[in-house]
Amino acid sequence: MLGGIFSLHSSWKDRQHSYVHKPQPLQCTSLNFRGFQFAQAMVFAIEEINNSTDLLPGLSLGYKIHDSCGSIARGVRVALALANGDVDGPLENLCPRPAQVQAIVGETSSSPCMAIATTVGPFRIPLISHFATCACLSDKVKYPSFLRTIPSDYYQSRALAHLVKHFGWTWVGAIRTNDDYGNNGMATFTKTARGLGICLEYSVSFFRTDPPDKIQKIIHVIKASTSKVIVTFLSHMDLDVLIHQLSHHNLTGYQWVGTESWIFDSQTAALDQSHILNGALGLSIPKAHIGGMREFILDVKRLNSSGDDTFRQFWETLFDCQLAQTKSSSGNQRTCSGFEDLSGVQNSFTDMSLMPIFNNVYKAVYAVAHAIHGILGCNTKCDTRVQLEPFAILHHMKKIRFRTKEGDEVYFNENGDPAAKYEIINWQPTENGTVKFVTVGVYDATADKQLNLHNKSLVWAENSQQVPVSVCGEKCPPGTRKVLQKGKPICCYDCARCAEGEFSNITDSVTCTRCHPEFWPNERRDACTRKEAEFLSYEEVMGALLTVASLLGLCSTAAVTCVFFKYRKSPIVRANNSELSFLLLLSLTLCFLCSLTFIGRPTVWSCMLRHTAFGITFVLCVSCVLGKTVVVLMAFRSTFPDGHVMKWFGPAQQRLSVLAFTLIQVVICVLWLVIAPPFPFRNFKEFKDKIILECAVGSAVGFWAVLGYIGILAMLCFVLAFLARKLPDNFNEAKLITFSMLIFSAVWITFIPAYVSSPGKFSVAVEIFAILASSFGLLICIFIPKCYIILMQPEKNTRKSIRSKGTVKSL
């Protein structure tokens, strides 16, 4: 439908007559009731304006109506005729000045509007559409004179994508009309949907004039698909064709999501006899009520006074009859009088479900009137001397802002579009088999919360009360992550369990997050729990046993010390260098005490103490043993003629040697502590599910220097004792030292690989065991045989027995 609106100058007394103008003969193969309703809505608005004393006082608006019959070529031809002033007819006789079209209201579809806007654009004649929604028409470079009172599909496409996302549908199919409306609308939807994580399993297009085999291919695509939601950008005429074919294949159970083109169309609902669209969800222009418009549209008998063929075509089509005065008669049609009662008719003409679209026509007419009102400076009357030009009307229309009598605000943004607001419609079947269009929410592009669903029950496909599920992959629960399936869209994925040390605490996570080193995922790997801190403690069995062993060694050393102190003047104690013996017992006591520093939670002081104390006490211990070994050798050599060696290794020299050897270790330890001391360390790498609290050595050079120095002294002591192994039995202490050094060396040689390979707290246990084993070895091998003689064989503890030469035995 195209309506040419142009201003007419007339006096106030002429207003009631000046706007009456008969529509042009339709000259189409059939009468379009919808187009007829749109034309009636425009006439209603013009008559209301012409009867108003506030808007355009003293002026009347005229109109001319053409039916493009769905033809783009016809629409362009009519637009050119309007632009060229081809407004012949009785209207010219009523106007005191040459008629010139000021604005065009129409077309209904986007593609014809694009063609017409391109045609009249150079003339800057405003073209105001009430139903063309293609976002492409917002391009003011291509279509500078185009405006509309219906929102652009740019907003509707985005709203549909957000609606689909709201219900969790990420795997959908898409069907569109193969024209500018469908292709542009679906392109915007696809782009927005991709950004929201929605994938299209298929996207197909067709036009209602396509051959049947193309529609059959679309049906085959739907059957082969796994998605259960179909998003459509279809005109109601194309959907009618598709629904007719789908009903033959019983393709029910799909959730349809649609646009304003058909979601509120009662004709489409009536054609859906197989209830394929039951539960459909979509966007619609907000409901509207205009006082008096319904009655005006249905009052068609006044057309009978126009004297043209319009009333006859309308009446015969409406009642499926033939007027009695028609010359040509058909025997198959009944005769009607033209006075039949319209109130009892139920068809698309009497259906007022498209009142929101009629309201858009109403707004378009009022927008033109307000623009003219502003140009003419109308107050109590208008300045008729001002020459109206279409480009001036277009300029003023872009700046108008007014409210209709129903309170709707009308304005155009910089693209010629109104504010975007939609109602969300749900098709809910009734008991009598019809469909009720229920508003279940709104989408307002200008609001902060754009999508707002009302607290209403929705009906879904096949009258289900449960929200349909349409996904390519099931939701991945917490503790898993999405893994894309090769060769498929991003919505198709498998769920992989998070790797060790990682977790995910949300559904459909694309990645797993690594836990902080102090934490570890729980069994479900949906959260991290704090790792258990592990160290060798006194409370556990291993720690308790080592503590008992240390205390046992300490008590044993104390007992030996008591025995030696009590019998300190006995020959066997005096003969074996009592001073070094007591110093050795003191160092063994410190060694047993030193092992206790390795047990318990590591601290800064305990880490520095345990390694340095261990190093110094062991050097003191080995130095005493080395001194005793040298004493044995020197004493033996002094019995030979010209033997004066013993005078160089008397008590003072023995003390100095022990002190010197120990001071070297002290210096090493001090340098270690100054340069890079041991420190408490939280080992996260040894075990994945626990933290090992241990003492890091700080400087590896310092650690191995301490151990290496002990090893050098031990080997020197072992060599010297081995050289004295063939001395007489009663005099020889070297054999006991040799055995003790063998045990000492064996323990510490095996300690190194055991220490390196032992995990966690077991490495500390190995170190304690090495200290205790070597300490017990020295205590048992050197002191226990002497204690046995002192306590159990006192007859051997005499000077005579000590000085007697025993037999020499090989080791």
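## Aromatic pairs

The whole structure, a predicted model, contains 17 aromatic pairs. Two rings of Phe, Tyr or Trp (its six-membered ring) pair if their centres lie within 6.5 Å; planes under 30 degrees apart are stacked, over 60 edge-to-face, and the rest tilted.

One of the pairs joins Phe-167 and Trp-460: the ring centres are 5.0 Å apart and the planes stand at 75°, so the pair is edge-to-face. This pair links distant parts of the chain, since its members are 293 residues apart. Phe-167 is in the loop between helix H6 (153-166) and strand E6 (171-177), while Trp-460 is in the loop between strand E17 (451-453) and strand E18 (480-484). Phe-167 counts as buried because its relative accessibility is 16%, and buried means under 20% relative accessible area (exposed is over 50%, partly exposed in between; 1.4 Å probe, protein chains only). Trp-460 is buried too, with a relative accessible area of 3%.

## A pair within one helix

Tyr-362 and Tyr-366 form a tilted aromatic pair, with 4.8 Å from centre to centre and 45° between the planes. Both belong to helix H13 (residues 355-375); because they are 4 residues apart there, about one helical turn separates them. Tyr-362 has 1% relative accessibility and is buried. Tyr-366 is buried as well, at 12%.

These two residues are also part of one aromatic cluster, together with Phe-44 and Phe-296.

## Charges over rings

A charge sits over a ring if NZ of Lys or CZ of Arg is within 6 Å of the ring centre and within 35 degrees of the ring normal. The charged end of Lys-228 is placed in this way over the ring of Tyr-254, 5.3 Å from its centre. Arg-568 lies over the face of Phe-565, 4.2 Å from the ring centre.

## The protein as a whole

The protein has 23 helices and 26 strands (DSSP runs numbered from the N terminus: helices are H or I with at least four residues, strands E with at least two). Of its 811 residues, 53% count as buried. Among contacts (heavy atoms within 4.5 Å) with a separation of 6 or more, 70% are between residues 24 or more positions apart.

## Basis of the values

Residues are numbered from 1 along each chain as its sequence is written, and side-chain values use heavy atoms, leaving out hydrogens and water. In this predicted model, local features need pLDDT of at least 70 and side-chain atom pairs count only at pLDDT 80 or more, whereas totals for chains, interfaces and linings use all residues.
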